[in-house]
Amino acid sequence: YRNASNEVAVEIYRMTDAQAAFGIYAMKCGKETRDPSFAERHTLNRHQLMFQRGVFYITVNNLSGAEALRPDLVRFGQWVAARLPAGPAVSELGRLPAAGQTAGSARIVRGPFTLQAVYTLGEGDILQLGGRTVGVAADYRDAGGSYTRLAVEYPTAAAAQAAFANLVKNLDQYLKKVGGDDRKLVFRDYENK
């Protein structure tokens, strides 16, 4: 869209489901900078408004980068959002406790690509998610320091146990197993943590 020398490009991606739309948004958004007048989960800077609504991942790009157009990006985003169905919420995020969670750090994990953004545990689909099983992760801080929590709900206990066995067997070579049993894995990473 163009008005004199100002140009805005809108990209709307229909994903397979709300989890995929949130997943790509969370992977790309970085530290969220929000505008209180925009209701959708979003991040905004002078170059771009990025948000998720239902099964849609949307970017509104300010091609000139002019700071004066930031409010226009929000208005454009509101106009686009009002014309897209809301869709279901990403209920899986409720698996993570809210206490101590770092704001904006929640992520969806459904395969190797999204897992690598959280932590490198090994090659391939090490958690056997198959692009269908949805895991969630977030960063936390408490008196003991900072850490990342990853929770995956498998369809059966057997599937969970098989995924855990695969993880233990194929753990990244830079991670050294230091303890655990058939239900728990303790390892040391390359930073000796």
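**Sheets, helices and pockets of the predicted model**

In strand β5, F56 is the bridge partner of R14. The strands concerned, β2 (residues 6-14) and β5 (residues 56-62), pair in the antiparallel sense over seven bridges; two strands are taken to pair if DSSP finds at least two bridges between them. Helices (H or I, at least four residues) and strands (E, at least two) are DSSP runs, numbered from the N terminus. The structure is a predicted model, in which local features need pLDDT of at least 70 and side-chain atom pairs count only at pLDDT 80 or more, while totals for chains, interfaces and linings use all residues. Residues are numbered from 1 along each chain as its sequence is written, and side-chain values use heavy atoms, with hydrogens and water left out.

The protein has four helices and ten strands, which follow the pattern β-β-α-β-β-β-α-β-α-β-β-α-β-β along the sequence. Its C-alpha atoms fill a box of roughly 65 × 35 × 30 Å along the principal axes. Of the 193 residues, 38% are buried, where buried means under 20% relative accessible area, exposed over 50%, and partly exposed in between (1.4 Å probe, protein chains only). Among contacts with a separation of 6 or more, 55% are between residues 24 or more positions apart; a contact requires heavy atoms within 4.5 Å.

Strands β2 and β5 belong to an open sheet of five strands, with the order β1-β2-β5-β4-β3 and antiparallel pairing. The edge strands, each pairing on one side only, are β1 (2-3) and β3. Strands β3 and β4 run antiparallel and are joined by four bridges, with R41 opposite Q52 in β4; the hairpin that these two strands form has three residues between them. Six bridges join β4 to β5, again in an antiparallel arrangement, and L49 has V60 in β5 as its bridge partner. The hairpin of β4 and β5 has two residues between the strands, and G54 in the turn adopts a positive phi of about 55°. Strand β4 is largely enclosed by the rest of the structure, because five of its six residues are buried.

Axes are lines fitted to C-alpha atoms, for helices over the stretch in contact, and angles run from 0 to 180 degrees between N-to-C directions.

Residue E32 is placed in the loop between α1 (18-29) and β3 (41-44). At 16% relative accessibility, E32 counts as buried. Leaving aside residues up to four places away in sequence, E32 touches Y25, R41, H42, T43 and G104. The C-alpha atoms of E32 and N45 lie 9.4 Å apart, at a sequence distance of 13 residues.

A further open sheet contains three strands in the order β6-β7-β8, with antiparallel pairing. Its edge strands are β6 (107-109) and β8, each of which pairs on one side only. From one strand to the next, the twist averages 30°. Strand β7 (residues 135-142) is joined to β8 by eight bridges in the antiparallel sense, and D142 stands opposite G145 in β8.

Pockets were located on a 1 Å grid over the protein atoms alone: a cavity is a set of points where a 1.4 Å probe fits but cannot get out, whereas a pocket is an open set with protein on both sides within 12 Å along at least five of seven lines, and lining residues have an atom within 4 Å of a point. The largest pocket holds about 860 Å³ of space. Its lining comprises 25 residues, of which L121, T148, L150, L185 and F187 are the closest to its centre. The elements giving two or more residues to this lining are α3 (112-118), β8 (145-152), α4 (157-169) and β10 (184-188). By class, the lining has 16 nonpolar, three polar and six charged residues.

The second largest pocket has a volume of about 160 Å³. Its lining includes R41, Q52 and G54, together with F22, E40 and R53 among others. Six nonpolar, three polar and three charged residues make up this lining.

Note on methods: Grid points are joined across faces, edges and corners, and a volume is the space filled by probe spheres set on the points. Ala, Val, Leu, Ile, Met, Phe, Trp, Tyr, Cys and Pro count as nonpolar, Asp, Glu, Lys and Arg as charged, and the others, Gly among them, as polar.
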